[in-house]
Amino acid sequence: MSNAKPKVAFYWCASCGGCEESIVDLAEDILKVVAAVDIVFWPVALDFKKKDVEAMPDGSIAVSFINGAIRLSEQEEMVKMLRRKSGLVVAHGSCAHMGGIPGLGNFWNKETIFRRAYHTTPSTDNPDKVVPLEKTVYDGKELTLPSFFDTVYSLDQVIDVDYYLPGCAPPRDLILNAVTAILEGKLPPKGSVLSPNKSECDTCDRNKTKPEKLSIKEIKRTWEIILDPEKCFLAQGVICMGPATRDGCGHRCINGNMPCRGCFGPTDQVYDQGAKFLSALASILDTNDEKEMDRIVQSIVDPAGTFYRFSLPKSLLGRKRMETIK
Amino acid sequence: MSNATFEPRLVGFLCNWCSYTGADLAGTARMTYAPNVRIIRVMCSGRVDPQFVLKAFKEGADGVLISGCHLGDCHYKEGNYKALRRYKLLSKMLEQFGIEKERFRLEWVSAAEGIKFQQVCNEFTEQVRKMGPLNLSPNGGQHE
């Protein structure tokens with residue numbers, strides 16, 4: 001077996017498909033990857049089935065890249081199987097890393113999400129009030145669907161994860177570095193996030209435009225002002241998650257003149273990205289007058305959804321209290 | 001658990017210079033008050049990271065108190081103003097998580113206000129007792 005190529009699997013759970021795209025975006029570099037490894041499972045691109053993976057001996061896949069959060073019993077089953085079959089598991093992208101955008105579902109539960117999706121959206125046309133059921137008998141045959149959890153989980157809340165590739169989606173240089181490190185066996189300690197451990201502001205080009213002391217009198221949403229293409233977003237009064245977000249993304253949003261939304265998650269020193277950003281933002285609000293503070297706080301429309309846009313399942317509280325959801 | 005037998009578990013972050021000394025005064029003056037607040041001394045109310053508050057709730061607190069010097073009296077000039085701004089924003093955010101704002105309290109207690117500290121502890125304990133336990137699952141989002 002010594003000259004056999006290492007086996008690699010790619011899998012997706014609750015995700016948009018952007019992380020699959022990030023692998024395709026390796027463009028010609030993917031040929032180098034393909035030359036060095038055997039891809040044994042990749043539902044989005046290759047015709048291998050679950051039974052093919054089941055037939056492999058445990059531990060025979062060198063590394064599985066899994067993207068997406070865990071929201072369905074089917075996803076749980078698949079990732080537990082891939083964990084058994086794999087030497088290494090890499091959480092690929094924000095959703096696997098921290099729950100990501102689907103993780104915002106943790107402000108609701110199954111009942112309220114189903115009510116909204118199948119009954120009350122303006123575009124829903126469902127006069128018979130049909131909802132997906134886990135078991136249906138049709139024509140004498142029993143049909144089944146996976147169960148839908150009340151809570152969305154990050155990958156490491158369901159299986160043991162070796163490394164994290166952050167980002168929505170992870171940029172190509174980080175993916176290539178990760179693949180190279182795995183192939184060469186030059187890996188950092190288990191549990192590492194494969195991106196620099198410093199905040200995004202550290203390398204931000206706009207840092208030099210940041211005043212000595214940042215202070216905000218008015219919070220503005222991106223559509224309310226014409227954004228200056230060079231000035232620090234926070235100095236413009238626009239919420240930018242940069243101070244509480246890990247670097248390594250290549251500043252794709254900022255270069256597109258949009259503030260950071262926090263998809264890389266926090267640095268190693270921080271437990272809870274949202275709380276840390278809340279702390280930073282509140283301390284630069286430029287007023288010591290209580291009424292004025294109330295007014296500014298009022299103008300932050302959805303603090304939890306903004307500060308935990310990508311990290312709600314991995315936050316300290318994890319989700320909204322179930323008994324308070326109506 | 002009925003509310004009559006329910007003893008709220010409260011965590012109090014008290015600043016070193018005013019509120020902790022105020023609590024000390026309540027103690028040395030032998031005032032009687034509800035023992036429910038578990039005191040954690042910090043150097044300044046502005047040192048209370050919102051992560052501390054969330055962690056307290058996550059690990060079983062039914063209520064969290066932050067107490068510092070009166071506005072204008074901060075030993076570090078304006079740490080308590082920062083605490084106030086954070087408190088307002090965090091209260092709003094906690095409600096989005098289903099944690100009522102009555103479970104999270106900010107008070108100014110000076111080193112001379114042992115009586116006020118006694119009142120705050122009694123009031124807050126009764127307020128949270130009426131609301132009942134918070135019942136956050138200690139393992140947070142962990143999948144079972």
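**Ground rules**

I number residues from 1 along each chain as its sequence is written, and chains are lettered from A in the order in which they are written. Because the model is predicted, local features need pLDDT of at least 70 and side-chain atom pairs count only at pLDDT 80 or more, while totals for chains, interfaces and linings use all residues.

**Entry 1: domains of chain A**

I looked up how chain A is divided. I found domain 1 (7-101 + 150-184), domain 2 (109-148) and domain 3 (200-307). These bounds come from an automatic or database domain assignment.

Next I checked domains 1 and 3 of chain A. Their C-alpha centres lie 31 Å apart. Eight residues from domain 1 of chain A and seven from domain 3 of chain A make the contact. Two residues are in contact if their C-beta atoms, placed from the backbone, lie within 7 Å.

Which element gives the largest share of the domain 1 side? I found helix α5 (residues 94-98) of chain A, with three residues. Helices (H or I, at least four residues) and strands (E, at least two) are DSSP runs, numbered from the N terminus.

I then sorted the domain 1 side by class: five nonpolar, three polar and no charged residues. Here Ala, Val, Leu, Ile, Met, Phe, Trp, Tyr, Cys and Pro count as nonpolar, Asp, Glu, Lys and Arg as charged, and the others, Gly among them, as polar.

**Entry 2: strand β5 of chain A**

I looked at β5 (residues 86-92) of chain A. Five of its seven residues are buried, so β5(A) is largely enclosed by the rest of the structure. A residue is buried if 20 or more other C-beta atoms lie within 10 Å of its own, exposed if 12 or fewer, and partly exposed in between; C-beta atoms are placed from the backbone.

I traced the partners of β5(A). Strand β3 (residues 61-67) of chain A pairs with β5(A) in the parallel sense over six bridges. Two strands pair if DSSP finds at least two bridges between them. Ile66(A) has Ala91(A) as its bridge partner in β5(A). Strand β9 (residues 163-165) of chain A also pairs with β5(A) in the parallel sense, over three bridges. His92(A) stands opposite Leu165(A) in β9(A).

**Entry 3: where the chains touch**

I counted 29 residues of chain A in contact with 27 residues of chain B. On the chain A side, the elements that give two or more residues are β8 (148-153), α9 (273-284), α10 (290-299) and α11 (303-307). α9(A) gives the most, six residues. By class, the chain A side has 16 nonpolar, seven polar and six charged residues.

**Entry 4: chain B**

I listed four helices and four strands in chain B. Along the sequence, the pattern is β-α-β-α-β-α-β-α. Buried residues make up 51% of the 144 residues in chain B. The C-alpha atoms of chain B fill a box of roughly 45 × 30 × 20 Å, taken along the principal axes.

Five bridges join β3 (residues 63-68) of chain B to β4(B). I noted that Ser67(B) stands opposite Glu107(B) in β4(B).
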